[in-house]
Amino acid sequence: MNRKRLISGLLAAAVLMSAAACDRNTGRDVPAGTGDDTVITEDTAATDGTIKVTIAETDSADTDTDATDAATTDIDIVVTTAGLPAPTGEYDPIVFVYTYTNMAWGYDSRCMLVTAGGEVYVFSDSPVVSMMYNGRYIELEYLKEYSEPTWQLDREDIEELYDVCCGVAPDVETDNVHVAYDCGEYRFTCIEQETGREITVFVDGNYRMETDDPTLKKAQELSEKLLSSIGGPREDIKLNLYSNCISAPYGGTELIGTHLVFDSFDKLVEYCEDNGIELDEDAARELLEEASYIMLQVFDTDQRISGALITGDKQLQLLPSLEEYEYDPAYDGKVGVGIWRFEGFKEDRYVDENGDPWVVYG
């Protein structure tokens, strides 16, 4: 299979739309009393969730490996391994990250996150978060809260690829071969859950990662198989966090639920003054004074805004923050107003999370 063609087609369409885990002997609970004179062999045919172990006790003074007087005992024990953890309602970490980035004609960043439970999220994002430490986990938190998974993968397929990826040696030999210009970079990464090690499975685009390592080549083969199983149709999702947004407190109740668009900074300032929204005009001016369009939403709690989510290039919702803020007396007994600069706004195109049109004020 031509990996470059597969990667380009899957990710472009989709968005435009532990080392110990691999060593099955690590962490094994060995029965007490076994020592250098004990031979342990693993019965890999066990299928009941345990690993059948045969313990052959031999006489250390007997150097005849074919001795017939060795006592043999079969014991079924549960082996502790460090494989991919089972997801729970509160814990479903990122296992695979598949990204496309290109800075040839401006910054373009697209991402696919695959969780331990098989949830797949495909979206465009901004460099503000994608380049942050733990930025992908922050993005996943917002996607889980404010959107739906793009696809659901089979857990067994994830485990199979994960186990092979964790078997890739940290010092595996690879070469980066230049193959194109202005194509950006496609990268598939596995995150080893026990150590946090990021295992690069393949890279393509301007440079292609090549290897003769059989384990890494097997991981590449399985990653292509996994990606090819992700179907559609899917909606284009754009996630913009921590940029072009500010918050302000509001002490009333009449405006809760308001969704408005302003086509000038002065109109925004006037509206806030007339309605008791405590906008810090000086702080807002640098970000918003030259804006073509400014979105405003009044939340029903004191949450600040963290950004915006656009689904299907139609539904646009401002995102109340999921962070915990230190006590701020300015918000005491008040609700939060989210304000976001959006140069791409077009009238009669966008609806809010309730399906109602975003309307230009005045």
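Guide: Two strands are said to pair if DSSP finds at least two bridges between them; strands (E, at least two residues) and helices (H or I, at least four residues) are DSSP runs, numbered from the N terminus. This is a predicted model, in which local features need pLDDT of at least 70 and side-chain atom pairs count only at pLDDT 80 or more, while totals for chains, interfaces and linings use all residues. Residues are numbered from 1 along each chain as its sequence is written, and side-chain values use heavy atoms, with hydrogens and water left out.

Visitor: What makes S12 and S16 a pair of strands?

Guide: Strand S12 and strand S16 (residues 305–311) share five bridges in the antiparallel sense, and the definition asks for at least two. They therefore qualify as paired. Within this pairing, Leu239 stands opposite Leu309 of S16.

Visitor: Why is S12 described as largely enclosed by the rest of the structure?

Guide: The term buried means under 20% relative accessible area, with exposed set at over 50% and partly exposed in between (1.4 Å probe, protein chains only). S12 spans residues 237–241, and four of its five residues are buried, so the strand is largely enclosed by the rest of the structure.

Visitor: Why is Arg304 called buried?

Guide: Arg304 has a relative accessibility of 10%, and it therefore counts as buried. Arg304 is found in the loop between strand S15 (294–298) and S16. Its contacts (heavy atoms within 4.5 Å), leaving aside neighbours within four places in sequence, include Phe299, Tyr325, Glu326 and Asp328.

Visitor: How do you know that Arg304 has a polar atom in reach of the backbone oxygen of Asp302?

Guide: A polar contact is a pair of N or O atoms within 3.5 Å; within protein, one must be able to donate a hydrogen and the other to accept it, and residues adjacent in sequence count only if both atoms are side-chain atoms. The backbone oxygen of Asp302 lies 3.0 Å from a polar atom of the Arg304 side chain.

Visitor: How many salt bridges does the structure hold?

Guide: The structure holds 18 salt bridges. One of them joins Glu192 and Arg197, whose closest N and O atoms are 3.4 Å apart; both residues are buried.

Visitor: Why is Glu281 called partly exposed?

Guide: Its relative accessible area is 27%, which falls between the two cut-offs. Arg285, at 26%, is likewise partly exposed. The side chains of Glu281 and Arg285 meet in a salt bridge of 2.5 Å, N to O, and both residues lie in helix H7 (residues 281–288), four residues apart, about one turn of the helix.

Visitor: How many disulfides does a search of the whole structure find?

Guide: A disulfide is a pair of cysteine sulfur atoms within 2.5 Å, and the search of the whole structure finds zero. Cys111 is buried at 0% relative accessible area, and Cys245 counts as buried at 18%.

Conventions. A salt bridge is a side-chain nitrogen of Lys or Arg within 4 Å of a carboxyl oxygen of Asp or Glu.
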